[in-house]
Amino acid sequence: MSVLDLARAEIRALSPYSSARMEAQGGTVLLNANESSRPPNIPGGDGLNRYPDPQPRALVDALAELYDSGPDRILVTRGSDEAIDLLVRAFCRAGEDAVLISPPTFGMYAVCARIQNAAVIESPLEPSGALRADTLLAAVTPSTKLVFVCTPNNPTGNLIGHDVLAHLARELSGRAVLVVDEAYAEFSGAPSATSLIDAHDNVAVLRTLSKAWSLAGARVGALVARPEVIGLLRRIIPPYPLPSPCVDAALGALSYEGRRVQRHHLQEILGERARMFAALPGLPGVRDVLPSHANFLTVRFDDPAGTYRRLIAAGIVVRDVTKYPGLEDALRITVGTGNENDRVLAVLRAGAGA
Ligand code: PMP
């Protein structure tokens with residue numbers, strides 16, 4: 001059995017749209033795609049009159065190296081959000097199939113499933129944030145096609161052990177795709193689940209340049225999976241998903257100099273995370289700070305609504321996560337610059353009396 005047997009039959013059978021840029025390569029007089037022959041008269045406009053490469057080779061190669069995978073295992077997407085949507089659409093039949101999620105977790109898995117009219121099965125994390133493989137596996141139904149796990153998890157910040165992921169991949173083989181969302185992996189130092197793809201054709205890993213690579217505005221993500229899964233998703237991804245300026249930005253970030261700066265920023269964030277983790281527990285109204293392997297800290301407060309309002313009044317926007325089960329008293333605070341974090345600490349130190 002192949003992982004493709006889990007996919008929607010009509011997507012496997014689909015003849016994808018064949019774009020002009022895909023059909024004919026080479027040549028210097030390009031009159032096949034109804035583009036303008038003249039670049040726009042704007043700064044940086046050179047080349048923008050042309051459609052971009054659907055999967056730019058240089059970027060695919062750079063991401064393959066970054067994620068220690070072959071280029072045939074990489075699909076570059078508009079953020080990992082797009083990869084989540086593509087997976088749901090390729091694997092879940094509307095009104096019939098389901099995805100399994102472990103709340104509290106990233107909201108887009110359920111949103112994409114609902115857009116596709118796929119059912120959302122919930123197998124909550126333990127109160128500690130830990131994911132128990134047996135609990136999760138017990139929730140898998142015959143219609144479950146995708147099992148999403150997020151490590152480090154947003155918004156709890158904890159890791160799922162590599163042995164747990166390997167066990168899940170094995171147990172789900174032939175039944176469902178294990179989608180491991182590693183959006184925050186760089187902040188954890190934990191080994192990537194991409195190494196499981198060699199042994200398990202049902203593992204797909206989501207990565208992004210939005211977090212540790214400072215490129216949220218460029219919308220560049222990647223799915224790492226077996227070539228047959230990449231080929232399947234290429235059937236349904238729009239013809240030209242990646243704007244050329246975004247591809248250039250990604251290549252710049254992944255260049256030798258870009259990597260040097262990224263390492264520096266990453267160290268700065270890890271240092272600030274440790275400083276905030278140490279400073280927050282002593283402050284008025286702070287009940288608990290969840291240990292985090294990501295670039296945020298989820299903090300329990302005596303009065304989360306009041307704290308949120310005081311932060312907003314000081315111009316500081318944090319994420320209210322009180323709607324998540326088990327986090328009814330929590331706010332999620334992204335680790336900012338030293339100065340931004342000092343401002344958070346100052347507001348909290350002043351307490352409700354400020
Ligand atoms: N996965 C997780 C766990 C996230 O927190 C986010 C962004 N908040 C995403 C995926 C989506 O990121 P992007 O589309 O920017 O790659």
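Student: Are helices H10 and H12 roughly parallel or roughly antiparallel to each other?

Tutor: In this predicted model, local features need pLDDT of at least 70, side-chain atom pairs count only at pLDDT 80 or more, and totals for chains, interfaces and linings use all residues. Residues are numbered from 1 along each chain as its sequence is written, and side-chain values use heavy atoms, with hydrogens and water left out. The axes of H10 (residues 256-279) and H12 (residues 338-350) come within 11 Å and cross at roughly 10°, and angles under 35 degrees count as roughly parallel. The two helices, H10 and H12, are therefore roughly parallel.

Student: Which residues of H12 does H10 meet?

Tutor: Contact means heavy atoms within 4.5 Å. By class, this contact has four nonpolar, two polar and three charged residues. From H10, Glu-272, Arg-275, Met-276 and Ala-279 take part, and their partners in H12 are Gly-338, Asn-341, Asp-342, Val-344 and Leu-345.

Student: Which residues come nearest to the ligand?

Tutor: A residue is near a molecule if one of its heavy atoms lies within 4 Å of it. The shell divides into four nonpolar, five polar and four charged residues, and its largest share, three residues, comes from helix H4 (residues 79-91). Of the 13 residues around the ligand, those that come nearest are Ser-80, Asp-181, Thr-208, Ser-210 and Arg-219.

Student: How much of the area that the ligand exposes when taken alone does the protein bury?

Tutor: An oxygen atom of the ligand is 2.6 Å from an N or O atom in the side chain of Thr-208, while polar side-chain atoms of Tyr-184 and Arg-219 each lie 2.7 Å from a ligand oxygen atom. Taken alone, the ligand exposes 400 Å² (by the Shrake-Rupley method with a 1.4 Å probe), and the share buried by the protein is 90%.

Student: Where do Pro-152 and Pro-155 lie?

Tutor: A cis peptide bond joins Thr-151 and Pro-152, with omega about -10°. The bond from Asn-154 to Pro-155 is also cis, with omega near 15°. Pro-152 lies in the loop between strand E4 (144-150) and helix H7 (162-172), and Pro-155 is likewise found in the loop between E4 and H7.

Student: What is the phi of Asp-68?

Tutor: Asp-68 is placed in the loop between helix H3 (57-66) and strand E1 (74-77). Although Asp-68 is not a glycine, its phi is positive, at about 55°.

Definitions and conventions
Axes fitted to C-alpha atoms, helices over the stretch in contact; angles between N-to-C directions. Helix = DSSP H or I, 4+ residues; strand = E, 2+ residues; numbered from the N terminus. Parallel < 35°, antiparallel > 145°, perpendicular 65-115°, else oblique. Nonpolar A, V, L, I, M, F, W, Y, C, P; charged D, E, K, R; others polar. Polar contact = N/O pair within 3.5 Å; in protein donor to acceptor, adjacent residues only side chain to side chain.
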